[in-house]
Every structure is written in structure tokens, then in C-alpha cells.
Amino acid sequence: MKNEPIILIKNLAKKFDNTFVVKDSNMTVPKGCVYGFLGANGAGKTTIFKVITGLISPTNGTAEVLGFDVTKDREKVLQSIGSLIEAPVFYEHLSASENLELHLDYMGAEGFGTKTALDMVGLNGIGSKPVGKFSLGMRQRLGIARAFIHKPKILILDEPINGLDPIGIRDIRNLFLTLIQKHGMTILLSSHILSEIEHIADVVGVIVNGTVVQEISLEQIKDKMDIRLEEYFFNIMSGGNIS
Ligand SMILES: Nc1ncnc2c1ncn2[C@@H]1O[C@H](COP(=O)(O)OP(=O)(O)OP(=O)(O)O)[C@@H](O)[C@H]1O
Ligand SMILES: [Mg+2]
């Protein structure tokens, strides 16, 4: 079923140094969609991604992935997720293929295999060049490849098009469609590039000062409200009533 939730977050809160940076947050990511997560710098997007991927634990509330609690069933959750969060860290002296091989070994999966995954992100033929000598965009492409190579059910991508050139952005957009339509994945991503989110997302969530304040389909914004995503977003940011 397309619309059943694959990620479900309830009353989530996260405190750092006695300050709540995420609070009272609920999120529902429907299966088989691209969910675009929007919010200003420091709003709490990466923090929520880190909770979902088990990198940090929630202070309050719950996050479920495929019905499994991210803190209680961490192993099961990790197997079903591929992620790219903040700047990807690699073994700098190893090649792209070697980095991907290590990841596949770690995940115990054959997945797409390194050659196919590198082709899918436009890094074919980069040979044995060590990752330490990659450009910013090449690192980003490799980070995306590492996120999906083991064929997870869910991709969590924090600003995945950062540093990509315009053709790279178009190619990655097509790649996301392939991953969803042919391989049954669901994609949760954040981006500050609203025009890109408008292109690729089916649903958006907006977080303001640590609280997810809106979740809405792009269709609703476009057809029912007859506005662009940018206008919708700026209205929420300025405290406007949009629902
Ligand atoms: N480890 C940490 N210790 C203390 N504060 C933290 C920590 N990680 C994040 N924060 C704070 O939590 C808040 C939310 O940060 P977060 O990285 O989730 O924002 P973001 O929405 O991803 O922003 P951006 O768009 O800039 O990436 C910020 O105020 C940040 O300073
Ligand atoms: Mg962030």
C-alpha cells in the first residue's frame, strides 16, 4: 500500500545541554514517497534525522521505522535505512569502489554492487583515485551511492544535492525516481533549495524552532492553495496562517 506510514514520529523531543532543540514533534512519512523536510538553519532537521538513524537517542517521544522503535529495535531499523547525514566521512586513502565494498561488507549485503552504484551516481570510470582527492560534488555523489547501494527500504538524505552541478541535480532527481519506482524505496530528504523540493517531493514537512508545524502534500499546495512552495514556506516562517 502506498500511503501506509513507513516512518512515524510521535511527540519527539531532544534536549542538548538543558535546551530543547526539538520538541512536540510529530511526523508521518508515507511509504513510497519523497518527503521533503524544510526548515531554517538550526531548526532541528539534522537532529531528527540523527534520531531516526539511531545516531542519537530521543529525550522524549518515539520514532518508529517500519513499525520498529528506533531505540529498542536499533539493529532492525539500521538494516532498513541508508543515510547521508551532514558531510559524508570516507576512508580518504581508499578508492570509491573500495569505500563502497567496505560498506557492503559491513551491511552484509550484495545490493546493487559497486560498479552499478557508481554508474547510477555518474561516478563511472573514476578508477582508483583516492577519495581524499575527490571534489565536493564527487564526494556528495559517493555519499548518495553509499546510502542506497545496499538496497535499503528507506533513504534519509540530509541536503543531498549540496555541491552538485545542475546536470548532477537533474540526474539525482531521476535516480530518486528509479529508486522509488523500480526498487520500492521511500526517500526522506532535507534541502534549502525550495525549487528542487517542489520538483521532487510528494509531501513536505516544515519544522520551526524545533517543532514540526505542518505536513502537507505538494498537490494540496499547488492545486488547492494555488501557490508556489516558496510562498507557502515564507508564509509559515513569518507566522502566517496557512491551513
Ligand atoms: N551535539 C549538539 N550539542 C548541542 N547543540 C546541538 C548539537 N547538535 C545540534 N545542536 C543544536 O540543535 C539545533 C538544531 O540543529 P540541527 O543541526 O538539527 O539544525 P538543522 O535544521 O539541521 O539546520 P541546518 O539547516 O543549518 O542544517 C541548533 O540550535 C544546534 O546548535
Ligand atoms: Mg542540518
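Two residues are taken to be in contact if their C-beta atoms, placed from the backbone, lie within 7 Å. In this predicted model, local features need pLDDT of at least 70 and side-chain atom pairs count only at pLDDT 80 or more, whereas totals for chains, interfaces and linings use all residues. Residues are numbered from 1 along each chain as its sequence is written, and chains are lettered from A and ligands numbered from 1 in the order in which they are written.

Among contacts between residues at least 6 apart in sequence, 68% join residues at least 24 apart. The radius of gyration, taken over C-alpha atoms, is 18 Å, which agrees with the value near 18 Å for a compact globule of 243 residues; the globule rule is 2.2 Å times the number of residues to the power 0.38. The C-alpha trace spans about 55 × 40 × 40 Å along its principal axes. Buried residues (20 or more other C-beta atoms within 10 Å of their own, C-beta atoms being placed from the backbone) account for 39% of the 243 residues.

The secondary structure comprises 9 helices and 10 strands, defined as DSSP runs numbered from the N terminus (helices H or I, at least four residues; strands E, at least two). Strands are considered paired if DSSP finds at least two bridges between them. An open sheet of 4 strands, with antiparallel pairing, has the order β2-β1-β4-β5. Its edge strands, β2 (19–30) and β5 (68–69), each pair on one side only. Strands β1 (residues 5–16) and β4 (residues 60–65) are joined in the antiparallel sense over 5 bridges, with Lys 10 opposite Thr 62 in β4.

A further open sheet contains 6 strands in the order β6-β7-β8-β3-β9-β10, with mixed pairing. Here β6 (81–84) and β10 (211–217) are the edge strands. Strand β9 (residues 203–208) pairs with β10 in the antiparallel sense over 6 bridges, and Gln 214 in β10 is the bridge partner of Val 206. Helix α1 packs on this sheet, touching β3 (34–39), β7 (154–158), β8 (186–190) and β9, and its direction makes about 150 degrees with that of β7; axes are lines fitted to C-alpha atoms, for helices over the stretch in contact, and angles run from 0 to 180 degrees between N-to-C directions. Helix α6 (residues 166–181) also packs on the sheet, where β3, β7 and β8 are touched.

Helix α1 (residues 45–52) additionally lies across β1, β2 and β4. The shell around ligand 1 (residues whose C-beta atom, placed from the backbone, lies within 6 Å) includes Phe 16, Asp 17, Lys 45 and Thr 46. With 3 residues, α1 gives the most to this shell.

Conventions: A residue is buried if 20 or more other C-beta atoms lie within 10 Å of its own, exposed if 12 or fewer, and partly exposed in between; C-beta atoms are placed from the backbone.
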